[in-house]
Amino acid sequence: MKARDQNAFAEFAAGRAVALHRAAYLLVGDRQLAQDLVQEALTKTYVAWPRLRDPGNAEAYCRKAMTTTAISWFRRKGWDNERPTETVPELGHEYDDASAQRVTLWQALLELPVRQRASLVLRFYEDLTEAQTADVMGCAVGTVKSQVSAALKKLRDRLGDDVELLSPDEMVGA
Amino acid sequence: MTGKLIETMRSQAGELGSPALDLDSIVHEGDRRTRRRRLAVVAVGVVGAVVLGGAAVRLVDPGDPEGQVADGTTQRPHELSYATGSRIHVGDTDLDAGRPIRAYVETDAGYVFSSTDLGVYTLIDGETARVGTLTKPVDDVPELVADGSRVGWLDADDLYKVRDLATGEVVETPANHEGVRGSAVSASITALDGATAYLFDGRGPVAWDLESGAVNPRGPADSRRVVDAEDGVLLVEGEPSDAVITSTGSVPVQIDDFANLSPDGHYATTSRDDTGFLIDARTGERLPFDHGHDWAIGYQWLTDGTFAAMVFDHEGDGWGKPALLTCAAATGACETTVRQLPAELGEFQLPIGVAFVTEG
């Protein structure tokens, strides 16, 4: 890669590292693994950099690389929802109902099949449209709808109907 | 107002700081992969011969050593070749194309190459003739796809064109970019089979009947991209998994970026985890591939059971000059055919329709 492109890539990586790391953590539920995932996604983006041409493409490519890599890791290693996670948040002495709900919800999120979890992260954390989510996951829009629907049902089954998983605004399209 | 789901995800993610990224490692590993991907990504576009939807009836005349498949394409054995500058090297023979060769393929009726002026040229019996113009080729993406005596490419003005070198007949259909969602989707012919070309563009995967002109998006029943197609066998990528599809069923396989079926659809060369290997396409079973080098990838089928492979060996901190092997699928045994190619990708081209460009 030409030096000027390497500089542009380094700038991109530095600028996006935190956001990527956070999204990666939501996908895999483990800080070290999330860091490895970001490293791998950025490596793939570096390889593709000469043909991505503008930062918007790089952003989309990197997000896609990270998601498909995470799905691939879980699929190949047979982790899926059986994989133990490093951190179950500690409640401590001052937990309340809201904190307890978040702990339970986080644990339930990590127990979802990776594709269902990825669809929730992309749709609601990354705030992508269904079409954009489908593009990132490499599947049809209908598949995204069904993955999101199945994921939300599992979470509701786990937490009960009293918990408002999504606000009315967020529910649009879900 | 924010629901518990987003609140929880933001809360969990918000606890993380900046990751300890190793940029040097990313660059080092990325450069290492780049050299390999140049070939791997490219090999998607290698020769194909298939009948859409099954009906894989072979019409082989026992007296015809070339054989013929149901799609009407011949299976003339190809000879291992490579190109440097304006010359194609085949065994002890050098063919002068008269123009710099950017990318090239071999058909049953001659060679087809793109040049630095983005023209598409045929080279038949020593005569070079311009037959088209490439539309904005993308490095590392196949720009020429061949099968039997046909060759296809995305011509100027976003027209897919397929030319039969044996008859001179040309058919065309427009590419469609509508529906492309933002990033890195290039219209391309992904596989070519006698009477069917497989396209990928804004419509997703598309099958184009070259005889009737019908263009049919594949899906939703099977909307996966066709990576390669040969003699009644399709190799597709996507959910629920990458798969080899025959007239009798589907076999799940796992590929990274490319796979290249043998002309009879029996075998496939592919790669996974940055390692090239050979599989039995009917079972997905990995087969012996005794290349004897640090890294190898099969990139072209010369006959039903023989393929060409490019290999590298470590040299110091990097890689030495690549060599080309001829390998037998039945045994996995290989022998060296071209001992040393020029050191850098871009200084030579292989007949896979992709332009290797020089780094830097």
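Helix H6 of chain A is mostly covered, since 6 of its 8 residues are buried, and this description, like everything that follows, refers to a predicted model. The buried residues of this helix are A:Gln132, A:Thr133, A:Ala134, A:Asp135, A:Val136 and A:Met137. Directly after H6(A) comes A:Gly138, a residue whose phi is positive, with a value near 70°.

One neighbour of this helix is helix H5 of chain A. Two packed helices are described by the angle between their axes and the distance between the axes. For helix H5 (residues 114-125) and helix H6 (residues 130-137) of chain A, the axes come within 9 Å and cross at roughly 135°. An angle over 145 degrees would count as roughly antiparallel, and H5(A) and H6(A) are therefore described as oblique to each other. In passing H6(A), H5(A) makes a right-handed crossing. On the side of H5(A), the residues that make this contact are A:Ala118, A:Ser119, A:Leu122 and A:Arg123, while H6(A) contributes A:Thr133, A:Val136 and A:Met137. Sorted by class, the contact of H5(A) with H6(A) has 4 nonpolar, 2 polar and 1 charged residues. A:Thr133, A:Val136 and A:Met137, which belong to this contact, are also among the buried residues of H6(A).

H5(A) also meets a helix of the other chain. The axes of H5(A) and H1(B) come within 10 Å and cross at roughly 95°, and the two helices are therefore roughly perpendicular to each other. Here H5(A) takes part through A:Leu120, A:Val121, A:Phe124 and A:Tyr125, and H1(B) through B:Leu5, B:Ile6, B:Met9 and B:Ala13. The residues of this contact between H5(A) and H1(B) divide into 8 nonpolar, no polar and no charged.

When its neighbours within four places in sequence are left aside, B:Thr8 is in contact with A:Arg102, A:Leu105 and A:Trp106.

Chain B as a whole has a secondary structure of 2 helices and 29 strands. Of its 360 residues, 46% count as buried. Among the contacts in chain B with a separation of 6 or more, 48% are accounted for by residues 24 or more positions apart.

Within chain B, one group of strands can be followed in detail. An open sheet is formed by 4 strands in the order S4-S5-S6-S7, with antiparallel pairing. Its edge strands are S4 (103-107) and S7 (127-133) of chain B, each of which pairs on one side only. Neighbouring strands of this sheet are turned against each other by 25° on average, direction ignored. Inside the sheet, 4 bridges join S5(B) to S6(B), and these two strands run antiparallel. B:Ser114, for its part, stands opposite B:Val120 in S6(B).

Most residues other than glycine have a negative phi. B:Leu118, however, has a phi near 70°, a positive value in a residue other than glycine. B:Leu118 is found in the loop between strand S5 (110-114) and strand S6 (119-124) of chain B, and B:Leu118 counts as partly exposed because 15 other C-beta atoms lie within 10 Å. B:Asp157 likewise has a positive phi, of about 60°, although it is not a glycine. B:Asp157 lies in the loop between strand S9 (150-155) and strand S10 (159-164) of chain B. With 10 other C-beta atoms within 10 Å, B:Asp157 is therefore classed as exposed.

Technical notes. Residues numbered from 1 in each chain as written. Chains lettered and ligands numbered in written order. Predicted model: local features only at pLDDT ≥ 70, side-chain atom pairs only at ≥ 80, totals over all residues. Axes fitted to C-alpha atoms, helices over the stretch in contact; angles between N-to-C directions. Parallel < 35°, antiparallel > 145°, perpendicular 65-115°, else oblique. Left-handed = near helix turned anticlockwise from the far one by under 90°. Contact = placed C-beta atoms within 7 Å. Nonpolar A, V, L, I, M, F, W, Y, C, P; charged D, E, K, R; others polar. Buried ≥ 20, exposed ≤ 12 C-beta atoms within 10 Å, placed from the backbone. Pairing = 2+ DSSP bridges.
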